[in-house]
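This report is intended to be read alongside the sequence and the 3D structure shown below.

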Amino acid sequence: MFISRFVSQKKMSMLFLSCTLINGSFVFGQVDLGQVNEVATEKTNTFNAHPQAIFKLLQKSAEAGDAAAQLELADYYYEGTGVDRDLSKAFEWTNVAAEQGYAPAQLALAQLYEDGSAGEKDENKAFEWALKATAQGFIEAWDCLGEYYQYGIGVEENLEKAFECYKIA
């Protein structure tokens with residue numbers, strides 16, 4: 001998943017839509033992402049069993065305004081899980097979640113701007129979005145911000161500030 005490059009799933013603490021086979025029927029519901037991973041790993045691997053069904057549920061939740069679902073939907077588009085890969089839609093949904101102030105999405109958007117993988121490469125915007133995520137206390141963003149200062153990505157190179165960011169991360 002593209003968001004896992006900079007956000008650990010346990011720390012995201014988001015709700016995720018999942019499906020589980022019970023008595024021959026699929027039951028859909030919202031469960032904590034950590035619980036889904038635990039069940040998937042330890043028991044039946046239901047987490048990835050039906051990506052199209054999960055995608056449809058994510059889409060409904062994302063369209064209803066859930067920022068965590070919007071970012072996860074962006075990841076499905078980015079990876080082509082349960083849907084054809086579409087980097088422009090991945091960028092669009094990441095941006096929607098970031099604009100709502102969802103720090104993991106802000107950091108994901110920074111990375112998309114930095115590497116241009118979803119279309120537009122803009123190191124200045126990458127720096128701005130990473131800075132917004134750090135302003136909310138999102139620890140994972142400090143490492144990214146440190147890298148930006150260290151290598152002069154979207155900002156003038158400043159090793160002292162890079163070091164300070166790395167200390168926080």
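## Basis of the model

This is a predicted model, in which local features need pLDDT of at least 70, side-chain atom pairs count only at pLDDT 80 or more, and totals for chains, interfaces and linings use all residues. Residues are numbered from 1 along each chain as its sequence is written, and side-chain values use heavy atoms, with hydrogens and water left out.

## The H4 and H5 pair

Helices here are DSSP runs (H or I, at least four residues), numbered from the N terminus. Helix H4 spans residues 67-79 and helix H5 residues 87-99; their axes come within 8 Å and cross at roughly 165°. Axes are lines fitted to C-alpha atoms over the stretch in contact, and angles run from 0 to 180 degrees between N-to-C directions. H4 is therefore roughly antiparallel to H5, a term applied to angles over 145 degrees. The crossing of H4 past H5 is left-handed, that is, the near helix is turned anticlockwise from the far one by less than a right angle.

On the H4 side, the residues in contact (heavy atoms within 4.5 Å) are Ala 67, Gln 70, Leu 71, Leu 73, Ala 74, Tyr 77 and Tyr 78. They meet Leu 87, Lys 89, Ala 90, Trp 93, Thr 94, Val 96 and Ala 97 of H5. By class, this contact has 11 nonpolar, two polar and one charged residues. Ala, Val, Leu, Ile, Met, Phe, Trp, Tyr, Cys and Pro count as nonpolar, Asp, Glu, Lys and Arg as charged, and the others, Gly among them, as polar.

## The nonpolar core

A nonpolar core is a set of buried Ala, Val, Leu, Ile, Met, Phe, Trp, Tyr and Cys residues joined through side-chain atoms within 4.5 Å. The largest one has 43 residues, and those with the most contacts inside it are Leu 73, Tyr 102, Leu 145 and Tyr 148. H4 gives the largest share, nine residues.

Beyond four places in sequence, Leu 73 touches Phe 55, Leu 58, Gln 59, Ala 62 and Trp 93.

Ala 130 lies in helix H7 and is buried, with a relative accessible area of 0%. Buried means under 20%, exposed over 50% and partly exposed in between, with a 1.4 Å probe and protein chains only. Beyond four places in sequence, Ala 130 touches Ala 110, Ala 141, Cys 144, Leu 145 and Tyr 148.

Ala 53, in helix H3, counts as partly exposed because its relative accessibility is 23%. Ala 53 and Gly 82 are 29 residues apart along the chain, and their C-alpha atoms are separated by 7.6 Å.

Key:
Helices (H or I, at least four residues) and strands (E, at least two) are DSSP runs, numbered from the N terminus. Angles under 35 degrees count as roughly parallel, over 145 as roughly antiparallel, 65 to 115 as roughly perpendicular and the rest as oblique.
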